[in-house]
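Open the model in your viewer and keep the selection tool ready. This tour goes stop by stop.

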Amino acid sequence: MKVILLGTAAGGGFPQWDCACELCLSARNGELPSRSQECVAISGNSRDWWLLNASPDIRTQLLATPALRPGPGPRETPVRGVLLTDAEVDHTMGLAILRGAADLTVYASPLVLDALLPLRGLLTRYCPWKWQDSTVPGFELAGGLRVFAHPISAKAPKYIVTPSSSPHWVTALRIEDPVTGGVFVYAPCLANWPAALDNLLASADCALLDGTFFSAQELGSAVHSQDPDAGQSLMGHLPIAGPTGSLTALTRHPGLRRIYTHLNNTNPLLEPSSAASALVAQAGVEVLPDGAELTV
C-alpha cells in the first residue's frame, strides 16, 4: 500500500492567511516550511488512487504529486474517488475542485452524506458521482484495498444547527492491503481517545493521527485570548500533551509506526527545534512534511 501525505496542516493551512502568531511569521519569513491543508492519497497498485478527505488545497496538491497527474488520455485521471472521515469544511470543500471529473465515488457515513446534500446537489449538475455509505462492514476499493470505517466521535461540524449525538459524525478508517497484509489507520480528527481506537491500532502497522494541538492552552496563548481554553475545546481536538493526551495513549502501541497530522498553525511541533518536537520524537512518534510517501 502506497500512502502520500498531500497536506499535513489543519484548516487554514500554515501559515494561516489571517494569523500573525510567532510560528506563522516564521513561515512567512522562510524560516519554517509552509504546509497545505490535511489530505492523503492511497493506492494498492500505484495506478488507482483514492483521496482520504478533500482539502481546499486539493488542486495544488494534485499538481505537485507526479503519481496523481492526469493521463494517458486527455481527460483521464488516476483518482478514483474520496473517502471522507467527517463533514468538516477543511475536509470536504475540495470536492468542489474535483467537480469536472466523471465517475468518482465518495464514501462517507450516512450522517456526513446527509450534511453534504446541498454540495452534492451542486456537484451533480457538473458530473454525476456515486455516493456510498462507508459504514457498511468493509468495502473494496479499485486497486485492491479493503476499508473499514469505525465511528469515533459525535463532534458535528459547526454549520450543523441541530446535530444528532451519533458517534458517526467522525470515523476512523482502517485500510487493509490483502496482498501484503499491511494495515493503515487514518484518524485525523479525535475529540477524545475512545477505547475502540486502541483495538484498531493494536493490529495496525502504521497510523496517521490527529495532532492538531500540542496542548489544551496553546491556541488561546498564541493569539492572546482572555479565555485560552475556549478555542481548543470548541474545535473538538484531543491535545497531544498531558496525562490524558494522545501521546500518552500512543505509548501503549510502541511497535506501531505513529505519525501526527492536521497540525494547527499554533502547534509548536511545526518548529523542529522546539521542546515539544523533542518530546514527541523521544516517544518515537513522527511529524512528516507535505509530500512524504509511505509504504505500508
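Select Arg174 and Val185. Val185, in strand 10, is the bridge partner of Arg174. Strands here are DSSP E runs of at least two residues, helices are H or I runs of at least four, and both are numbered from the N terminus. Strand 9 and strand 10 run antiparallel and are joined by 4 bridges.

A word on the model: it is predicted, local features need pLDDT of at least 70, side-chain atom pairs count only at pLDDT 80 or more, and totals for chains, interfaces and linings use all residues. Residues are numbered from 1 along each chain as its sequence is written, and side-chain values use heavy atoms, without hydrogens and water.

Two strands pair if DSSP finds at least two bridges between them.

Next, select helix 7, residues 195-202. Which of its residues are buried? They are Leu197, Asp198, Leu200 and Leu201. Seen down the helix axis, these buried residues fall within an arc of 160 degrees, so they line one face of helix 7. The arc is taken from the directions from the helix axis to the C-beta atoms. Buried means under 20% relative accessible area, exposed over 50%, and partly exposed in between (1.4 Å probe, protein chains only). Turn to the face away from the buried side: the exposed residues there are Ala195, Asn199 and Ala202. The cover over the buried residues of helix 7 includes strand 8 (146-153), strand 9 (170-176) and helix 10 (246-250). Contact means heavy atoms within 4.5 Å.

Arg252 lies in the loop between helix 10 and strand 12 (257-261) and Asp198 in helix 7, so the pair ties together parts that are 54 residues apart in sequence. A salt bridge needs a side-chain nitrogen of Lys or Arg within 4 Å of a carboxyl oxygen of Asp or Glu. Asp198 is buried at 18% relative accessibility, whereas Arg252 is partly exposed at 47%.

Move to Glu286 and Arg257. This salt bridge spans 2.7 Å, N to O. Glu286 lies in strand 13 and Arg257 in strand 12, so the pair ties together parts 29 residues apart in sequence.

Last stop: Pro56, in the loop between strand 3 (49-52) and helix 2 (58-63). Pro56 is partly exposed, at 34% relative accessible area.
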